[in-house]
Amino acid sequence: MVTAIRENRAESAIWKKGILVQIQGAVWSMETKLEARDIDKSPSDIPEFISLGKKRLFSNTQKNRFAKILGRSRSSAERYGFAFPITGSFFVPFKNFDTLKVVLDTQKDKFYSEVNSFIRGYDERREEFLEANEEHRAKLEEHYPDPETIRGKFNYNVMYYATSMAPSANGTQSGDEMYLEFVMDSVNELRKDAREVASSIKNTLNESKFDGRTERKIQTLIEKLTNMDLIEDSDLKNAAFRMAVEPTPENADKLTNAATNVSKERIRAVLLD
């Protein structure tokens, strides 16, 4: 019974620190199935071991416009949070939530602005593609849906939620143990970043190349530790601040020492005690 209570506390502790974000996007494939007659064959001419592919209705450039927006959105979620065990989801600390939401709202507006632009120029772009492939026009022309049908094939949606993780399939980990492991991995990911910054700055100092770009690395690290460190380690943050105020090889070493990886036992103690 005590174990169950502690596990419930572990799960609750995580949702006091942040929320899950999942970016869901759909883009019209701008393709249709390649048929045997498209290559002047009959279906019986195609051996069983061959699978016919697709034929494009637009160049990949058109589709990539939307894919890039979705890619930037997911990169932003990764920047302001941590990849979560649930596929496609990111755990975003509350301190970063408002910033990320503004970014994603902006990307969503851009996505649908691109959709509207694509629909407005649909007939013209279709004709340009057909003219560029005039000898195959008859094989392509019948496959273009009407503009409003196409509009329904695009979607950009962001879900903000919390969830409970089921125990592992082999029964070796409870859902709460999996939460603790996620926090440990996330905390140690930041610590790895801190060690890399310390090493980079120490090398820069030794080569007398300390400049504004190097200083920005420290400030970025401090921002991440302030907003994303799920165990709020004051020793690590102080070491980073000390490095920003007085960038020396000695302080770089102190930052490295403060950024050693933490164990699941320490994570459990911080979250539950």
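On one side of helix 10, E250 and N257 are exposed, where exposed means over 50% relative accessible area, buried means under 20%, and partly exposed lies in between (1.4 Å probe, protein chains only). Helices here are DSSP runs of H or I with at least four residues, strands are runs of E with at least two, and both are numbered from the N terminus. On the other side from E250 and N257, the buried residues of helix 10 are N251, A252, L255 and A258.

Before we go on, a word about the model. It is a predicted one, in which local features need pLDDT of at least 70 and side-chain atom pairs count only at pLDDT 80 or more, while totals for chains, interfaces and linings use all residues. Residues are numbered from 1 along each chain as its sequence is written, and side-chain values use heavy atoms, with hydrogens and water left out.

Leaving aside neighbours within four places in sequence, F91 is in contact with I14, W15, K17, G18, I19, L20, G81, F82, F84, F182 and L230, contact being heavy atoms within 4.5 Å.

The loop between helix 10 and helix 11 holds V262. At 7% relative accessibility, V262 counts as buried. Not counting residues up to four places away in sequence, V262 touches M184, V187, N188, R191, I231 and I267. The C-alpha atoms of V262 and M184 are separated by 7.0 Å, although the two residues are 78 residues apart along the chain. N188, for its part, is found in helix 7 and is buried, at 13% relative accessibility. Beyond its neighbours within four places in sequence, N188 is in contact with N261 and V262.

Now for a helix pair. Helix 2 (residues 60-80) and helix 3 (residues 94-120) pack at an angle of about 175°, with their axes 10 Å apart. That makes the two helices roughly antiparallel. The axes are lines fitted to C-alpha atoms, for helices over the stretch in contact, and the angles run from 0 to 180 degrees between N-to-C directions; under 35 degrees counts as roughly parallel, over 145 as roughly antiparallel, 65 to 115 as roughly perpendicular and the rest as oblique.

On the helix 2 side, the residues that meet helix 3 include F66, I69, S76 and Y80, and among their counterparts in helix 3 are L100, V103, F111 and F118. By class, this contact has 11 nonpolar, seven polar and four charged residues. Here Ala, Val, Leu, Ile, Met, Phe, Trp, Tyr, Cys and Pro count as nonpolar, Asp, Glu, Lys and Arg as charged, and the others, Gly among them, as polar. S76 counts as buried at 15% relative accessibility. Apart from neighbours within four places in sequence, S76 is in contact with L100 and V103.

Finally, some backbone angles. Most residues other than glycine have a negative phi. M30, however, has a positive phi near 60° and is not a glycine. M30 is found in the loop between strand 1 (18-26) and strand 2 (31-33), and it is buried, at 2% relative accessibility. E232 also has a positive phi, of about 45°, without being a glycine. E232 is found in the loop between helix 8 and helix 9, and at 54% relative accessibility E232 counts as exposed.
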